[in-house]
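Visitor: I am new to this structure and would like a close look at one part of it. Please take me through that part slowly, step by step.

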Amino acid sequence: MSTGNMNLTLKIWRQKNTKDQGKMVDYKVSEISPDMSFLEMFDVLNEDLITKGDDPIAFDHDCREGICGMCSMFINGRPHGPKDAVTTCQLHMRSFKDGDTIVVEPWRAKAFPVVKDLTVDRSAFDRVIAAGGFISVNTGNAQDANNLPIPKAQADSAFEAAACIGCGACVATCKNASAMLFVSAKISQLALLPQGQPERYKRVQNMVAQMDAEGFGNCTNTGACEAECPKGISLENIARMNRDYYSAKFVSEEEG
Amino acid sequence: MSAINSNIPEGEITTKWTKFKSSVALVNPSNKRTLEVIVVGTGLAGASAAATLAEMGYKVKAFCFQDSPRRAHSIAAQGGINAAKNYQNDGDSTYRLFYDTIKGGDYRSREANVYRLAEVSANIIDQAVAQGVPLAREYGGLLDNRSFGGTQVQRTFYAAGQTGQQLLLGAYSALERQIGMGKVEMFTRHEMLEVVKIDGKARGIIARNLITGELERHFGHAVVLATGGYGNVFYLSTNAMGSNVTAAWKANKQGAYFANPCYTQIHPTCIPVSGDHQSKLTLMSESLRNDGRIWVPKKKDDNRKATDIPEEERDYYLERRYPAFGNLVPRDVASRAAKERCDAGYGVGSSKKAVYLDFTFNTERYGKIEANKNNLHQPDHETIMRLGREVVKEKYGNLFDMYKQITGEDPYETPMRIYPAVHYTMGGLWVDYNLMTTVPGLYCTGEANFSDHGANRLGASALMQGLADGYFVLPYTIGAYLSKEISVKAIPTDHPAFAEAEVRAKSALDHFINIKGTKSVDYFHKKLGLIMWDKCGMARNAEGLKEAIAEIQQLKKDFWSDVRVPGAADEYNPELEKAGRVADFIELGELMCLDALNRNESCGGHFREEYQTEEGEALRDDENYAYVAAWENKGDGTFELHKEELKFENIKIAQRSYK
């Protein structure tokens, strides 16, 4: 089968822990197959480092099929690398050429401190969801699911917003380290559905407040987040969130 | 060998669960606030249980090894979730879902549990929709359904090819809501390494903080393991890289029996292995078999391109062998049929270990329907195919994109190449009707337990079971236990049992660090995977299984003396995490072979070559093997077999046929 013939130079961010200053370190890998995923290329490098007695490179990854949102590498200046609409784990070495130099850094944002090397702490996202990214319904006797028809187009739009995998590429690529694409995707999903209406305005206020408290920056409509999002989450969601956020100021307590 | 009690309530199967719910002891709200429950794992089964228990008023601590509960591998489930709603008016009912599941499991599951699962299935859909889970809808605004294998009705609800993601995010939202209210304390990047038992009852866990390496002690009046399946024992599987058996295995060492470990599901439609660098396999959802037809060339070693092989030279072998179910036979049947064709020399692709999954026929069919809808009369072929592709794209777009990313081929133009891969494990910790293991106070839910799928799980039933357990079953059944615990005060974690459990965990970690051997953890994991795939995979025989046991025993010795784990135990150390998991996989692998060797019959995913019909179908032995094999860990690599006899009182046990 397939040991390949690509030889590459990697410049990788190494940082022992959150407090360490960190630096770029050069590595060489050889016999890389174009069929390998980018992370499998890292497996080869780590295997080599372990055999030599060096410290392997820490990086987050889990499902390796583009859905868990755990992998998070900033490759040649772009989150998840050079291809559109894929995560790092779905990036394959056939997207690179023999002899390339590839620069790999962690997500960089104040709200995402580096844990080690390429691993960062994204728990701020969970806290934003905990602040309001839900519909307050306890488990129990919900009404029959078909009692409330939802127009297909509306349900489809909600689904598109819900496709966010929470990887944080939007934050990493934004010059302001803004999380507005992530936050607005959840707000949109729930604002588009009838079930989300009762808490609609309280939700947007609570989630935005938490987003600010976590130290994410503001949005200046550059659109890098949309361009780099592996799931194609649209900027329209940010517009929708902003509308709801301003509307919320005019909505009385009783309405939400 | 002794019998074990599954605590099934008396009465008719249709009333057991209702009667149980009406008569189970309750815990009053003020007592709930003082009762603590630990939930390990935050996939569908864990997140739903943690959220629901907290809503009910219990104090909950939840743990996951990932950086967020939203990343549990339930997120990757693609195709759908079954529920007996009968929205399609095609004759579905609770009984029919129950029947299909028992038959699909090849008559090796417990009737009472499966009936309850079918009964609560409809509530799951209601609950998910109430949470804002955007399931697929028709133009009338009502929910859409599709078909899955092993059934003749359309009862599968879905959200494109991301059903698991959407359902998990629903459960995760419910969980985060409770975290935000302070009713669940969440521990991410924590891995459970030991169960703590006091006076025979589960009273807590030892968890390692994966960032600091610190070992932590956590008390709970009860402990719930929702830690998923053990498919990664094969190294290559559709599981996530971190999916592991450690929590369940440590529980086994503390007295929880492990049931039917040899029942593993090999999923028929996965992207074939491309090289030995491969770290994982990717599933192409079973839902694709709604519209994809599986075939190989009629000629051996036919090297023509798929699109150059004319219709009459193609063998649609599933449609040929199983006309009643066709491409929608259950997974075990479809996988074996693919293996049979490839072994006989009809495989395709460079490795010859693949078959085609072809969408041309149905793309054309959809295209014609769309043309009619759009009033296009006598459209040309190109227009039909373009319109058809749009329909296919809406149904399966993300799967087609994923296939293209991984293989570099466009499935809209040329058929997918697929081959079976390890996907799900029906075996797991033995639990009674209450989902309690053989250790009092230790519960197990979702894929981690053995309870509902017998020897083969039907497609779209894993999501159903995970959420049924977490939302609707465990929150009731755990009350039966906790109602007797209301006078037990929280036990301080300086109790000697916690100290002893911590020493067990610490000594293993220190041992791995100190071996300073020559080979990486992955080296051993890959070796284990090869042994398991070759000798305890899609087909097994007594001779191979005996060889595998000897090879695994040797591998275990080599691992414990020659593995190289860099770094230290008191820091973030992913290699150390892997070492602990692989150590447990090695021991489990041996038990799987032992279980497969003990079961002298073929059933579902367990296919013993010695036991097959003349047509190559699985040949059960109901007289001698209609039991659950529950293995007690006696230490030092020895196990004692306990049997739970399976009684079929509501379904007539029969030779499974999909012809």
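Visitor: Which residue stands opposite B:R208 in β8(B)?

Guide: Please keep in mind throughout that this is a predicted model. The residue that stands opposite B:R208 is B:L215 in β8(B). To place this pair, begin with strand β7 of chain B, residues 201–209, which is joined to β8(B) by five bridges, the two strands running antiparallel. Both belong to an open sheet of three strands in chain B, where the order is β6-β7-β8 and the pairing is antiparallel. At the edges of this sheet stand β6 (190–198) and β8 (215–219) of chain B, and because each has a single partner strand, one side of each is left without a neighbour in the sheet. Neighbouring strands here are turned against each other by 25° on average, if direction is ignored. A helix also belongs in this picture, for α13 of chain B, residues 496–515, packs on the sheet and touches β6, β7 and β8 of chain B, while the direction of α13 makes about 140° with that of β6(B). As for what holds such an arrangement together in general, strands of a sheet pair through backbone hydrogen bonds, and they do so either parallel or antiparallel.

Technical notes. Residues are numbered from 1 along each chain as its sequence is written. Chains are lettered from A and ligands numbered from 1 in the order in which they are written. This is a predicted model: local features need pLDDT of at least 70, side-chain atom pairs count only at pLDDT 80 or more; totals for chains, interfaces and linings use all residues. Side-chain values use heavy atoms; hydrogens and water are left out. Two strands pair if DSSP finds at least two bridges between them. Helices (H or I, at least four residues) and strands (E, at least two) are DSSP runs, numbered from the N terminus. Axes are lines fitted to C-alpha atoms, for helices over the stretch in contact, and angles run from 0 to 180 degrees between N-to-C directions. Contact means heavy atoms within 4.5 Å.
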